[in-house]
Amino acid sequence: MMVISNSSPMIALSRVDRLHILKQLFGNVIIPRAVYEEVVLESTIPLQKENILKAIGDFVAVLDPQPRHSFSRNLGKGERGVLNSALEMGAEALIMDDKKARNEARALGFAPFFTTDILKPAEKRGYMTSYSQVVQDLHRLGIFLPA
């Protein structure tokens, strides 16, 4: 299954040391170059950078999509990268939390997942012990995910 992630899932899961969930659920994950720049190069949080760089060395691939598509909504670089990648490669799943980006993805025929949508099955499959604990840990870090 080809899965492409936006910045917020990478940030949230890296900050609570749960990026492995993506590997366990999907095998491999793609992030566009713009997402890589945001979550690694522009980040000032060492744990986030370290965890994402480890994942890139293991199961995350960085892609340079061609910006061939124009979108009806005003989206950030990362969101445009995710959608261009998805259209270019025929992705089966997108993980994104931004409302405008999700609406654009739906308009293009995708059914994007929230980060929380992947945490629930991860708990069911035993890849983490408690969905609610992870959400509480994120809240303590000031990260609030849509449900």
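Helices here are DSSP runs of H or I, at least four residues long, numbered from the N terminus. The model is a predicted one.

**Helix α7 and what follows**

Helix α7 spans residues 115-124, and its buried residues are T115, T116, I118, L119 and A122. These residues sit on the same side of α7, because they cover an arc of only 155° around the axis. An α-helix has 3.6 residues a turn, so residues three or four places apart point the same way. The cover over the buried residues of α7 includes α1, α2 (20-26), β4 (93-95) and α8 (131-140). After α7 comes G126. The phi of G126 is positive, near 80°.

**Helix α3**

Helix α3 runs over residues 33-41. A34, V35, Y36, V39 and V40 are its buried residues.

| Helix | Residues | Buried residues |
|---|---|---|
| α3 | 33-41 | A34, V35, Y36, V39, V40 |
| α7 | 115-124 | T115, T116, I118, L119, A122 |

**The nonpolar core**

The largest nonpolar core has 46 residues. Which of them touch the most other members? They are M10, L19, L22 and L94. Leaving out residues up to four places away in sequence, M10 touches S5, L19, L22, I31, V39, I52 and V60.

**The largest pocket**

The largest pocket holds about 190 Å³ of space. Its lining includes P32, R33, A34, D64, P65 and Q66. P67, H69, K77, R80, G81 and N84 also line the pocket. Helices α3 and α5 each supply at least two lining residues. Helix α5 gives the most, with four. By class, the lining has four nonpolar, four polar and four charged residues.

**The segment after α8**

F144 lies in the segment after α8. Is F144 buried or exposed? F144 counts as exposed because its relative accessibility is 59%, and the cut-off for exposed is over 50%. F144 and A93 are 51 residues apart along the chain. Their C-alpha atoms are separated by 22 Å.

Notes
Residues numbered from 1 in each chain as written. Predicted model: local features only at pLDDT ≥ 70, side-chain atom pairs only at ≥ 80, totals over all residues. Heavy atoms only, no water. Buried < 20%, exposed > 50% of the residue type's maximum accessible area, 1.4 Å probe, protein only. Core = buried A, V, L, I, M, F, W, Y, C linked by side-chain atoms within 4.5 Å. Contact = heavy atoms within 4.5 Å. 1 Å grid on protein atoms, 1.4 Å probe; cavity = no way out; pocket = protein on both sides within 12 Å on 5 of 7 lines; lining within 4 Å. Points joined across faces, edges and corners; volume = space filled by probe spheres on them. Nonpolar A, V, L, I, M, F, W, Y, C, P; charged D, E, K, R; others polar. Arc of directions from axis to C-beta.
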